[in-house]
Amino acid sequence: MDVLRMGLSRFDRRKFMVAGTAGISALAIDKAAGQEESRAHAEIRACVLEYPDRWTENSTGLSQLLTTSGANAAELQLDRSPLEQQPRPQLIGFGSFTNNDKAYKDYVRRYATELQEFVAAGGVVLEMTQSDQFGNTVHYLPAGMQAKRGDRDLSSVIALDPRHPLVADWWPDGTSQLGSDFFHRRNPNWESFDTWDGLQVVLASEVDGHSPCLLEGAHGDGRFLICSLWLDKCYRPDGSSTYGNAAVDASNKFFTAVVNYVRMVTSGAAPSVVATPMPPALPTGPMVGHVDAEMARIWFRPSEDQRRVPAWRCTVISGEGEEVTATKTPDADHDFTLLFDIEGLEPAKQYTYEITPSTAEEAALRSFGPYKFSTDTLDGTPSRVVLGLGSCAPSDPNYVWSRIVDEGCEGFVFLGDTPYVDSGDLKVAREKHRRFLSQPEIAKMIANMPCWGTWDDHDFGRNDGHGDFPGKHVCRTAFTEYRANLEFGHRADGQLQTDPFGDGRGIYTSFRRGPLEVFLIDPRWFSRTEASWADDQHPTCIGKVQWNWLKQGLKNSTATFKALTTGMIWDDKTNSEMDDWHTYRYEREAIFDFIRQEAIPGCFLIGGDIHVSRALNYGPRVGYDLWQFIISPLHDRIIPALDVPHPNLVHHALEPHVFLRLEVEDHATPATLKAEWINRDGKRIFAVNLDSTQLTPNT
């Protein structure tokens, strides 16, 4: 027959809109004919748009997987609406990462209404995962439906109802949650959804339905299937399997279920869709920020439903029962974040704290805590301190954070790419910081130990980003709203900016913890914005105002050990990117010369960024052996190409989920420094042991 029962007939669009949902089937789908054909063997025609992206070796696979699963797949004709495709399809599929291609963006915007009509007439639109950097909202959904992607690359998949037809035929019996080993991919879920409305959660990565990875929406007689699984990226351009036969087998199971479900939809046999409401919004934090011997900064952001509370109180209690309190009002201009400065504390003491609404009536309903932190010792008091440091952090749940706590770290330094923002949009930047700090493992850690942070290129806003990035002001705003350092660079008048909500330049700061002082240098904000203070024939890296701050800080420091810390590494990445200290080596060498000339003891270097862990000894460059410790990544994505030879390389490892445990102690002479690279399972990768005599200038 001319129009198969699952095909969409041509019809007058004005009549379609007037007829309403009740008339859709009569206009578009010949169900009487459909009853004569077995649903299990009905032909499914699909029109597919794919994009060979660089992150998956230019792989595609949606057309081939649909064909293997029993569909007849053809390329989507971009000059025709969904209603005018020939032959007429029952399924329109957008492959993973097609929104990197202008063709996808143009098509879904031009034919948004027609996509809705196609579904209303009994068709199915399937969209696999897309890159949130190129638009995190699904634009063509009808009124009453919305789905917005986040930046969580997750490795688990949970079926909210294993009996759902999209799941039942391939989901293992008795299994509620599948990990990456089932899909044979590092993280089968890319760019999962942060918010949705009017859609049913079929698959998610959290038991309460948060972070959906398959959403279903009913519209008329058809369905929208919005996915964040990238199971279609299976074949390289030469036809070879990108991720192995086991991964292809897992993908075939998924797409067989999809094709069978399209048959159910087009025959009217699909189950009804019941929209899944979003779980209640959760607060972010609390987070302990800068802590010294006498004060602590504590950060918190109440959830949306808690903003009716006019003010919040932070109560800090000593072991002897003494209380110190501070009260703050959420500021809508700064994303409702709160920053409590708790002063009048005593050195070397453990405190507990709680955050509660300021009124007794509200406090009886909700409180947060108790949590704990410890103040620092007074300068010159012998002590031992253990800090964790790391860069390039996951945006998904990961027990590396629990390992940091288990290894006895009493504070943590985020070295950058924590999180990956990659946007100059303030709303996106805030959402990504919020999602990052809300991860259960991170949330537990930051609530119970002081944390400091700097940025690297991705949380600065752009890969290989420098000070000429136009969105840097936006990303600085989000960074200062979601960290609790003591300072954030300088104000315009040259004074240190201690107000996180105030205007400023850069985000650099320093802190002292026992025998160690950490200088968190900002190599991003000023870079390329003025002539270098070290060589006016070249652009600066850290800027003159920051250089003066660093010089003064190094000269005045009485700490036994001094860490000069940046997100980027202190030598050459040897790739095409320019965000390393080799690019600005004239300033790097001037810093080293200053340390040598001023005979400043105890200095060493820390870097991150490159997804490789390394230890380098540059020899007596500053009057004693100068070491660099590179720690990366906290997530699982190593970059072997950046593990390059270097004449000063002592240790190196391509190790995922790694952090640095830095232990310093000066109870005896000489004071000691132990740096250990540890992975999330507690394995020691390598270590460097130093003492204060080794980092003393040779007079």
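Biologist: Where does proline 419 lie?
Modeller: Proline 419 is in the loop between β20 (411-414) and α11 (426-438). Those labels are DSSP runs, numbered from the N terminus: helices are H or I with at least four residues, strands are E with at least two.

Biologist: And what joins threonine 418 and proline 419?
Modeller: A cis peptide bond, with omega at about 15 degrees. Serine 632 and proline 633 are also joined by a cis peptide bond, with omega at about 5 degrees. Proline 633 sits in the loop between β27 (627-630) and β28 (649-653).

Biologist: What sort of model is this, and how are residues numbered?
Modeller: This is a predicted model, where local features need pLDDT of at least 70 and side-chain atom pairs count only at pLDDT 80 or more, while totals for chains, interfaces and linings use all residues. Residues are numbered from 1 along each chain as its sequence is written, and side-chain values use heavy atoms, with hydrogens and water left out.

Biologist: Overall picture, then. How many helices and strands?
Modeller: The chain has 16 helices and 31 strands. Its C-alpha trace spans about 95 × 65 × 50 Å along the principal axes.

Biologist: What is the radius of gyration of the chain, against that of a compact globule?
Modeller: The chain has 28 Å. For 699 residues a compact globule would be near 27 Å, so the two agree. The radius is taken over C-alpha atoms, and the globule rule is 2.2 Å times the number of residues to the power 0.38.

Biologist: What share of the residues is buried?
Modeller: Buried residues make up 58% of the 699. Buried means under 20% relative accessible area, exposed means over 50%, and partly exposed is in between (1.4 Å probe, protein chains only).

Biologist: What about contacts between residues 24 or more positions apart?
Modeller: They account for 68% of the contacts with a separation of 6 or more. A contact means heavy atoms within 4.5 Å.

Biologist: Switching to aspartate 456. Buried or exposed?
Modeller: Buried, at a relative accessible area of 1%. Aspartate 456 lies in the loop between β21 (451-453) and α13 (457-460).

Biologist: Which side chain does the aspartate 456 side chain make a polar contact with?
Modeller: That of arginine 524, at 2.7 Å. A polar contact is a pair of N or O atoms within 3.5 Å; within protein, one must be able to donate a hydrogen and the other to accept it, and residues adjacent in sequence count only if both atoms are side-chain atoms. Beyond four places in sequence, aspartate 456 also contacts residues including Asp417, Met568 and Asp609.

Biologist: What about glutamate 216? Where does it lie?
Modeller: Glutamate 216 is in strand β10 (residues 212-219). It is buried, with a relative accessible area of 1%. Its side chain makes a polar contact with the side chain of tyrosine 261, at 2.3 Å. His164, Arg223 and Val273 are among the residues it touches, not counting those up to four places away in sequence.

Biologist: And asparagine 485, buried or exposed?
Modeller: Buried, at 0% relative accessible area. Asparagine 485 is in the loop between α14 (472-481) and β22 (509-513). A polar atom of its side chain lies 2.9 Å from the backbone oxygen of glycine 453. Its contacts beyond four places in sequence include His290, Arg297 and Trp452.

Biologist: Back to helices. Why is α6 called largely enclosed?
Modeller: Because 7 of its 9 residues (112-120) are buried. Among them are Glu114, Leu115 and Phe118. Just after α6, glycine 122 takes a positive phi of about 110 degrees.

Biologist: What is phi of histidine 184?
Modeller: Near 60 degrees, a positive value in a residue other than glycine. Histidine 184 lies in the loop between α7 (180-183) and β8 (193-197). At 41% relative accessibility, it counts as partly exposed.

Biologist: And serine 211, what is its phi?
Modeller: Phi is near 55 degrees, again positive in a residue other than glycine. Serine 211 is in the loop between β9 (200-204) and β10. Serine 211 is buried, at 0% relative accessible area.
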